Amino acid sequence: MQSAVQTDPARSPAVSPASRSTARITGLDVARGLAVLGMFAAHLAFTSESLNLFNPSSWLEVAHGRSSILFAVLAGVSMAILSGRTRVYEGAELVRCRIRIFVRAAWLFALGSILDTFGSSVAVILEYYAVLFVLALPFLSWRPRRLFIVAGVLAVVMPVLHLVASAWLQYQSGSTLGDILVAGTYPALIWIVFPLVGIGVGRLDLTAARVRALLLAAGVMLAVVGYGLGAATTESFDGDDMPDGVEVTDGADGAGEFDDIDGGFDDDRVPGDQIDVSGMECFDYGDGTYYCEPPGGPSGDWDDDGPDYDDDGFSWSDVDLRALGGAAPHSGTPFEVVGSAGVALGVIALCLMVADRVRWLVFPLAATGAMALTAYCGHVVAIALLEESLWDMSGNQVYLWFVLVTLAVASLWRLTLGRGPLERLLTWSSRRVAGDVSDRAAAATDSPTNPSRS
């Protein structure tokens, strides 16, 4: 094991610029580890309670929606590190970097597709991350200030655009790209904000105490503003005037659950045949869940005459701006985007501050973060294989076991074998492809038949 006292490779004059740009920062690995364990909590620690700082039993709810966003921001930080950190690559270096990231994105998409075949209850995020990687490629050469400004504008504009696109898309035939960009759990149309923020963060000198303090202050400010305004608009937008749509879930036991359109399942389960959905239009999700609403859509009236549609079936009455209120997890509102981005910045700053001081204490988290892709894929496969037996245990008990096993295995692997297996695959293949492309380009340039050599 390496000594705790050693020269920082990012500061050593004996290390090449390329090595300095990709040298690991322990605090970032700790943040990735927290993001992974947070996603475990979102998938395993079942709780019906809303987050309440004065109720410890609800604290794991902080992971819901925020852990995946933290990981998306960290993905942007990784892109910045791969492309030169504070010194942005140019020319051929930047081209090679973009090829490496594109190859990694292709692997993420393939791995996400494979995990989907296991049929677990997890909404696999890798395909969405893959698309975000590709969408963020043009922004690699941008400076932090410009990135933060654009991310701020998109945080406000994209949720509105997403709302309109969602209303239009419901009348179109489904597609994988449409799901990833608009209709899925992690719509790239909104989530592009997070890797852009991450790229901007990665372009800063994260070893500087002043930068860390500014990140923490910015994170706290954004979280307070986002969630504060979200709480204020929740009262206004989620009132009793919302449409009386219901969501009906028929379980294997012949029972169902119902919920009003603005969220929050009722605690009481009722037999499916006792739920009155007469006069309503019901849509089969294909997973035993049916969404039922008044004729003509959520904004329609309780009569047979729905709103007037154009040739594509879309009507502007389907766009309900009230959906932009609140800051609930995965709601995609501007307030959630701003608040969750603030939480991500705050967590990253705190991890950077703490990791250098107690590196030995946070090693298991850092080890998990260093092989985050392997840990994520492993937990999805484990849930799929053990899902039936997991229901016999409490959510918190299952979560604790997943955390302990992951921390132990990741620590042992990191100490003995180094880089995780999937991380090794992505690094090797992306370097190989980028190297082959650059070698072929160099060979074409040096070819005797190339007229540019005359």
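View 1. At 42% relative accessibility, D356 falls in the partly exposed class, the range between buried (under 20% relative accessible area) and exposed (over 50%), computed with a 1.4 Å probe and protein chains only. Salt bridges with shared partners tie R212, D356 and R359 into one network. The term salt bridge stands for a side-chain nitrogen of Lys or Arg within 4 Å of a carboxyl oxygen of Asp or Glu. Keep in mind that this is a predicted model, where local features need pLDDT of at least 70 and side-chain atom pairs count only at pLDDT 80 or more, while totals for chains, interfaces and linings use all residues. Residues are numbered from 1 along each chain as its sequence is written, and side-chain values use heavy atoms, leaving out hydrogens and water.

View 2. Helices (H or I, at least four residues) and strands (E, at least two) are DSSP runs, numbered from the N terminus. Is R212 buried or exposed? R212 is buried, with a relative accessible area of 9%.

View 3. R359 is partly exposed, with a relative accessible area of 40%.

**View 4. E93 and R87, another salt bridge.** The side chains of these two residues, E93 and R87, meet at 3.8 Å, N to O. E93 is partly exposed at 33% relative accessible area, and R87 is partly exposed at 42%. Across the protein, the count comes to four salt bridges.

**View 5. A nonpolar patch on the surface.** I114, F118, L385 and L386 make up this patch, with about 390 Å² of accessible area together. Accessible areas come from the Shrake-Rupley method with a 1.4 Å probe, and for residues only the protein chains shown count as cover. A patch takes residues with over 30% relative accessible area and no salt bridge, joining like charges within 9 Å and nonpolar side chains (Val, Leu, Ile, Met, Phe, Trp, Tyr) within 5 Å. L386 belongs to helix α13 (residues 372–390) and is partly exposed, with a relative accessible area of 41%.
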